Amino acid sequence: MFWLMGGKAFILALATLGAPVTGFIAWQLDHSAWVGLRYYDLIWPSFMLMVGVSIPFSFARRSATQTRGQLMRQAWWRAVVLFLLGSLRESMSANTPMWFELSSALQPIALAYFVASYLAGRALRLQIGVAAGILVVHALLLALVPAAGLPGGTYQVNRNLVTVVDQAVIGRAHPEGWGTLLSAIPTISTTILGLLFGQVLLSASTHREKMKVFALTGLGCLAAGLALSPVVPVIMKLWTTTYGLMSAGWACLLFLFFYWVLDVRQYRKWAFPLVVIGTNALAAYLGPSIVPVRRIAGIFTTPVARQIGAFGPLLATGAVLLINWSILHWMYKRKIFLRA
């Protein structure tokens, strides 16, 4: 979330000063044009994973006073609210009503949260079976089903089954090839994986045992994705099965790293700025689309930025990042948390 609220722009401004390390990071802070995997391609899957992780904790807290039926009704409500918030964000960004836009994070999160909530408390085999089954079916659909004169297994930009389905059902396709309907379905698997991790965290297992599960899962997903990649290309914009596996694998390893640092080693003070963002993730995600911080800050920073040459973009982007974080810090201190 740090990257989306101004961190990316700040690092890109640093990169313009010629530092080679930040130049490499800047390359990583952009989505792959089509085939491939970069760090920025992991943000959305990490969202999906953490949504799943949160579900067992939420259910454990509320199950003492609520029936499963009540829990499911609340899951329905949250899914609807998240979906509509996704519509609001996309509509404001596009300056036109966008009720249905599954190529952005909130609406797929709503769908995946709903499905994973229904699987919470169910048999482990069922949870794993659903997650794996979704990826297998999605891979077979894209590999075998022809559409609009295109043979199965066509993965070209805007010449694939995902684009054909979007055009047929919602009447449009993203010019850069981002999938909508079919591409939202495999995101559910990553959220179910997070659900499994949340259950592991709540278990009586030792830190070592938990870390072993996280590590083996991450490495296993990466290995499976790499093994399949010669047949099914790694394409985020279609959320191909190989992308789903490899991005989930990296997200698992990132989760393992932070679990080790924060929970096992107890190194937590450094993370306070990130805690402020993470505890109000929904506000951090929606805020830049609703409050024009960049434009407001620019009124005051642009005149100064013009006077300091190459450091001007650093001042402008740093001011936006600081203001966005300060708003979240103000909310954090007053215990104002935006929830679905």
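Author: What follows is a set of questions on terms and the values behind them, for a model that is predicted.

Reader: Why is Thr-242 called buried?

Author: The relative accessible area of Thr-242 is 0%. Thr-242 sits in helix 11. Leaving out residues up to four places away in sequence, Thr-242 touches Gly-225, Leu-228, Ser-229, Val-232, Pro-233 and Val-234.

Reader: Why is Phe-272 called partly exposed, and why is Tyr-332 called partly exposed?

Author: Phe-272 has 34% relative accessibility, and Tyr-332 has 25%. The term covers what lies between the buried limit of 20% and the exposed limit of 50%. Both values fall in that range, so both residues count as partly exposed.

Reader: What makes the pair of Phe-272 and Tyr-332 edge-to-face?

Author: Two values decide this. The ring centres are 5.6 Å apart, and rings pair if their centres lie within 6.5 Å. The planes stand at 80°, and over 60 degrees counts as edge-to-face. The pair is therefore edge-to-face. This pair links distant parts of the chain, with Phe-272 in helix 12 (residues 272-278) and Tyr-332 in helix 15 (residues 312-333), 60 residues apart.

Reader: How many aromatic pairs does the structure hold, and what makes Trp-44 and Trp-239 edge-to-face?

Author: The structure holds 15 aromatic pairs. In the pair of Trp-44 and Trp-239, the centres are 5.2 Å apart and the angle between the planes is 80°. The distance is within 6.5 Å and the angle is over 60 degrees, so the pair is edge-to-face. Trp-44 belongs to helix 3, while Trp-239 belongs to the loop between helix 10 (207-228) and helix 11, and 195 residues separate them. Both Trp-44 and Trp-239 are buried.

Reader: Which residues do ring pairs link into a cluster?

Author: The cluster consists of Phe-197, Phe-214, Phe-255 and Tyr-259.

Reader: How do you know which residues have the most contacts inside the largest nonpolar core?

Author: A core is joined through side-chain atoms within 4.5 Å. In the largest nonpolar core, which has 43 residues, those with the most contacts are Trp-44, Ile-55, Leu-106 and Ile-109. Helix 1 (3-15), helix 3 (43-62), helix 4 (68-94), helix 5 (106-119), helix 6 (124-144), helix 9 (187-202), helix 11 (241-264) and helix 13 (281-290) each give at least two residues to this core. Helix 5 gives the most, with eight residues. Another core, of 14 residues, lies apart from it and has Leu-196, Phe-197, Cys-252 and Leu-256 among its members.

Reader: What does Trp-44 touch, not counting residues up to four places away in sequence?

Author: Trp-44 touches Leu-102, Ser-103, Ser-104, Ala-105, Pro-108, Trp-178, Met-236 and Trp-239.

Reader: Which residues of helix 13 are buried, and what covers them?

Author: Leu-282, Ala-283, Ala-284, Tyr-285, Leu-286 and Ser-289 are buried in helix 13. The cover over the buried residues of helix 13 includes helix 1, helix 3, helix 4, helix 5, helix 12 and helix 15.

Reader: What lines the second largest pocket?

Author: The second largest pocket, of about 750 Å³, is lined by 31 residues, and Leu-4, Tyr-40, Arg-89, Ser-104 and Tyr-285 lie nearest its centre. The lining divides into 17 nonpolar, eight polar and six charged residues.

Reader: How many cavities of 30 Å³ or more are there?

Author: The count is three. About 60 Å³ lies in the largest cavity. Residues that line the largest cavity include Leu-142, Val-145, Pro-146, Gly-152, Thr-154 and Asn-160. The lining of this cavity has seven nonpolar residues, four polar and no charged.

Note on methods: Residues are numbered from 1 along each chain as its sequence is written. This is a predicted model: local features need pLDDT of at least 70, side-chain atom pairs count only at pLDDT 80 or more; totals for chains, interfaces and linings use all residues. Side-chain values use heavy atoms; hydrogens and water are left out. On a 1 Å grid over the protein atoms alone, a cavity is a set of points where a 1.4 Å probe fits but cannot get out, and a pocket is an open set with protein on both sides within 12 Å along at least five of seven lines; lining residues have an atom within 4 Å of a point. Grid points are joined across faces, edges and corners, and a volume is the space filled by probe spheres set on the points. Ala, Val, Leu, Ile, Met, Phe, Trp, Tyr, Cys and Pro count as nonpolar, Asp, Glu, Lys and Arg as charged, and the others, Gly among them, as polar. Buried means under 20% relative accessible area, exposed over 50%, partly exposed in between (1.4 Å probe, protein chains only). Helices (H or I, at least four residues) and strands (E, at least two) are DSSP runs, numbered from the N terminus. Contact means heavy atoms within 4.5 Å. Rings of Phe, Tyr and Trp (its six-membered ring) pair if their centres lie within 6.5 Å; planes under 30 degrees apart count as stacked, over 60 as edge-to-face and the rest as tilted.
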